[in-house]
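Have a look at the model before reading on.

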Amino acid sequence: METVTVERVIDAPIDEVFAWLTTTTHYTSSPLVVRCRLTRHGEGAPYGVGAVRSHLWLVGWFRERITHYDPPYATEYVVERSLPPSRHELGRMTFAEVDGGTEVRWTTRAEIRLPLLGRALTGLLLRPILSRTFGNILNAANTALIQRPQHRQV
């Protein structure tokens, strides 16, 4: 099992950062993410508890279910199904107001489940792919949010 955590400070208010990052259709801003869809709305909000998201990355397909939704401070999810098969214990994003914007911490704990090769692939591929993809998505959020009219420098 590998734990991957990626952190960024995004130059925007916490509510905007939370809204952007919990709307997973934005994830296609990463070159490794091909398609993201909300396949079932959650309780009280489209991406609230119970929402189901479908993600197609260059390296696989993932169906995720939102298990915790506390805007604008945290959201959690679990990967229910994936190809290649994986075991996923945790997916969490936390948001905190800091000088300069919003600190985002994105953590996941997972492993690739393949006979004989799963452990090696988890160690060699999972961490760099997830770190890069999460980082790309967080960078895209920063770029998108600072380009909004209310964040332009005068």
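The notes below go topic by topic.

This is a predicted model, so local features need pLDDT of at least 70 and side-chain atom pairs count only at pLDDT 80 or more, while totals for chains, interfaces and linings use all residues. Residues are numbered from 1 along each chain as its sequence is written, and side-chain values use heavy atoms, with hydrogens and water left out.

**Core**
- The largest nonpolar core has 32 residues (buried Ala, Val, Leu, Ile, Met, Phe, Trp, Tyr and Cys joined through side-chain atoms within 4.5 Å; buried means under 20% relative accessible area, 1.4 Å probe, protein chains only).
- Its residues with the most contacts inside it are Ile 10, Val 17, Leu 21, Phe 95 and Trp 106.
- The largest share of this core, 8 residues, comes from α2.
- Phe 95 touches, among others, Val 17, Phe 18 and Leu 21, leaving out residues up to four places away in sequence (contact is heavy atoms within 4.5 Å).

**Helix α1**
- Helix α1, residues 14-22, has 7 of its 9 residues buried (helices are DSSP runs of H or I, at least four residues; strands are E, at least two).
- Among the buried ones are Glu 16 and Trp 20.

**Strands**
- β3 and β4 pair antiparallel over 6 bridges (pairing takes at least two DSSP bridges), with a hairpin of 2 residues joining them.
- β4 and β5 also run antiparallel, with 9 bridges, and Asp 70 sits opposite Ala 74 in β5.

How values were computed:
Buried means under 20% relative accessible area, exposed over 50%, partly exposed in between (1.4 Å probe, protein chains only).
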